[in-house]
Amino acid sequence: MAEIASAVRAARPGLAVSAAVYPDWQSARVGVGQDWVSWCRNATIDFVCPMNYRPSSTLFAGDLQRQCQQLGGAARLVPGIGVSSQRLSAEELARQIAVARQAQAPGFILFELGPREVLDVLPRLAK
């Protein structure tokens, strides 16, 4: 990751470098080499996007709380919400967005944008 981040920053100074990662840091570090806590602590990457694809805001909140503890806060944490993979309703999506905001995450990422999300879920959030 350090080599990739260095190459990106050399090619595009000022560009933020992030990584979409598995949500459980300890198993991700051992299983697939994603030591994302160290990457954030050492400023190898600017922020991390754990794929917290959960069917309920309670489970999502548990992941986010653990990740905030591991990172020492939410400043470098932009959680992924599995809108399509979990077939979230607009109401559940709103709850998970609220959890991310309550944790003071600087943002969130919705995965993935398909016809159901465009035509049904997202328009219902605006109401």
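The conversation below takes up the chain as a whole and then some of its residues.

Tutor: This is a predicted model, in which local features need pLDDT of at least 70 and side-chain atom pairs count only at pLDDT 80 or more, while totals for chains, interfaces and linings use all residues. Residues are numbered from 1 along each chain as its sequence is written, and side-chain values use heavy atoms, with hydrogens and water left out.

Student: What makes up the pattern of the protein chain, read along the sequence?

Tutor: Helices (DSSP runs of H or I, at least four residues) and strands (DSSP runs of E, at least two) are numbered from the N terminus. The protein chain has six helices and four strands, and they follow one another as α-β-α-α-β-α-β-α-β-α.

Student: How do you know whether the radius of gyration of the protein chain agrees with that of a compact globule?

Tutor: The radius is taken over C-alpha atoms, and the globule rule is 2.2 Å times the number of residues to the power 0.38. For 127 residues a compact globule would come near 14 Å, and the protein chain has 15 Å, so the value agrees. The C-alpha trace spans about 45 × 30 × 25 Å along its principal axes.

Student: What makes Arg 29 partly exposed?

Tutor: Arg 29 has 35% relative accessibility, so it counts as partly exposed. Arg 29 lies in helix H2 (residues 25-32), and, not counting residues up to four places away in sequence, Arg 29 touches Gln 34 and Asp 35.

Student: How do you know that strands S1 and S2 pair?

Tutor: Two strands pair if DSSP finds at least two bridges between them. Strand S1 (residues 18-21) and strand S2 (residues 47-50) have four bridges in the parallel sense, and Val 21 stands opposite Pro 50 in S2.

Student: Which residues of S1 are on its covered face, and which on its uncovered one?

Tutor: Ala 19 and Val 21 form the covered face of S1, while Ser 18 and Ala 20 form the uncovered one. In a regular strand the side chains alternate between the two faces of the sheet.

Student: What is noted about phi in Arg 87?

Tutor: Most residues other than glycine have a negative phi, and most peptide bonds are trans. Arg 87, a residue other than glycine, has a positive phi near 50 degrees. Arg 87 is in the loop between strand S3 (80-82) and helix H5 (90-102), and at 58% relative accessibility Arg 87 counts as exposed. Gln 104, in the loop between H5 and S4, is not a glycine either, yet has a positive phi of about 65 degrees; with a relative accessible area of 66%, Gln 104 is exposed.

Student: Which sense, cis or trans, does the peptide bond from Phe 111 to Glu 112 have?

Tutor: That bond, from Phe 111 to Glu 112, is cis, with omega near -10 degrees. Glu 112 is found in the loop between strand S4 (109-111) and helix H6 (115-125).

Terms used: Buried means under 20% relative accessible area, exposed over 50%, partly exposed in between (1.4 Å probe, protein chains only). Contact means heavy atoms within 4.5 Å.
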